[in-house]
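Have a look at the model first, then read on.

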Amino acid sequence: MAWLAAGEGYEIALVEGRVAARSATGRTAGRQLKTLPKALKDHPEVDRLRRLAAWLDRHEAACAAQVDGWMVSSLPVPTELLARVWPDEAWQRALRDVAVVGDDPDEVGFLRDATAFGELKVVNLDGETVRLSPRTVTLPHPVLLPDLDDVRDFAAELGIVQRVEQIHRATWHKPTELAATATEVRDFAGGAFPTRFSLAARATSLGYRVSGGYATCKVRDSGSATEATVWIGEPYYEDETTTGALSWHDEDGRAVRLTEVGPVAWSEGMRMAAALYAGRTIEEGADA
């Protein structure tokens, strides 16, 4: 962005997300300073740029969260919408190189550009840049990709780095043999934490919602909303707590049998439970 006059002899601008200053006069004119001069710390223009930087950070996080939501829910996204938001650099960073599927569900490509005319440029799995203009596209959850390992290998060859975790997202496939009436998974139960607060803090830091005694993750799978929940302990409980069972509930709050949980909901629920469990206290020593 342009450099703005701020105080006598200085100019300021946002550089890589922080307020930077440079000399505007004398022999050092145009030279960027390593630190912000004391004379500028309380300058109104500096404060304005700091607030702008904070807003840009929130905007970038919101764009990434929206793209993640589209992917986790496998919702169809209008191509025209992608074209409209693409000029915004925050949206570009969230969308660039995300795997998309258009009219042909077997044709996966990595998004590289969206034109003002509603046309998408993608790199397909043959390494060719092709143009697509479907009415909508989906950002498939990786558990739905039949050749995920091949997609990951090809992405590595291209050096693709995704802002929103998609193709390298940890996935779990539902076992084929499950008890007909079972509603809980206890693979990641029993992880000990010093306090309920520390476990809740881990859940929120990972992006999950904490409601009552549960960490939750809502997914739209197979056309309906499903919420995965892991018990983390009663609110305000101050003693040591452990992770509980993982279960899924429908839109009315009823427990869903494991045999009826969709593939995306299963994978995302297991991903949440595993991530919470990974932060547990590990005992050391002979008696561990």
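Arginine 93 and glutamate 60 form a salt bridge, with their closest N and O atoms 2.9 Å apart. Arginine 93 sits in helix 3 (residues 89-95) and glutamate 60 in helix 1 (residues 44-73), so this pair ties together parts that are 33 residues apart in sequence. A salt bridge here means a side-chain nitrogen of Lys or Arg within 4 Å of a carboxyl oxygen of Asp or Glu, and by that rule the count comes to 15.

This is a predicted model, where local features need pLDDT of at least 70, side-chain atom pairs count only at pLDDT 80 or more, and totals for chains, interfaces and linings use all residues. Residues are numbered from 1 along each chain as its sequence is written, and side-chain values use heavy atoms, with hydrogens and water left out.

**Charge pairs**

- Helices (H or I, at least four residues) and strands (E, at least two) are DSSP runs, numbered from the N terminus.
- Glutamate 11 forms a salt bridge with arginine 22, and the closest N and O atoms are 2.7 Å apart.
- Glutamate 11 belongs to strand 2 (residues 10-15) and arginine 22 to strand 3 (residues 18-23), so the pair ties together parts eleven residues apart in sequence.
- On exposure, buried means under 20% relative accessible area, exposed means over 50%, and partly exposed is in between (1.4 Å probe, protein chains only).
- Arginine 22 is partly exposed at 21% relative accessible area, and arginine 93 is partly exposed at 40%.

- Helix 6 has 15 residues and reaches 21 Å from its first C-alpha to its last, close to the 21 Å expected at 1.5 Å a residue; the expected span is 1.5 Å times one less than the number of residues.
- Twelve of the 15 residues in helix 6 are buried, so the helix is mostly covered; among them are Trp266, Met270 and Leu276.
- Arginine 271 and glutamate 268 meet in a salt bridge (3.7 Å, N to O), and both are buried.
- These two are three residues apart in helix 6 (residues 263-277), which puts about one helical turn between them.
- The pair is part of a salt-bridge network that links Asp68, Glu165, Arg169, Glu268 and Arg271.

**Surface patches**

- Patches are made of residues with over 30% relative accessible area and no salt bridge; like charges are joined within 9 Å, and nonpolar side chains (Val, Leu, Ile, Met, Phe, Trp, Tyr) within 5 Å.
- A patch of negative charge gathers on the surface, including Asp103, Asp126, Asp147 and Glu157; Asp and Glu count as negative, with the charge placed at CG of Asp or CD of Glu.
- Aspartate 103 lies in the loop between strand 5 (99-101) and strand 6 (108-114), and is exposed at 68% relative accessible area.
- Leu52, Trp55 and Leu56 form a nonpolar surface patch with about 260 Å² of accessible area together, using the Shrake-Rupley method with a 1.4 Å probe.
- Leucine 52 is in helix 1 and is partly exposed at 32%.

**Separations along the chain and in space**

- Leucine 144, in the loop between strand 9 (136-137) and helix 4 (148-158), is partly exposed at 40%.
- Arginine 220 is in strand 13 (residues 214-221); arginine 220 and histidine 249 are 29 residues apart in sequence and 12 Å apart in space, C-alpha to C-alpha.
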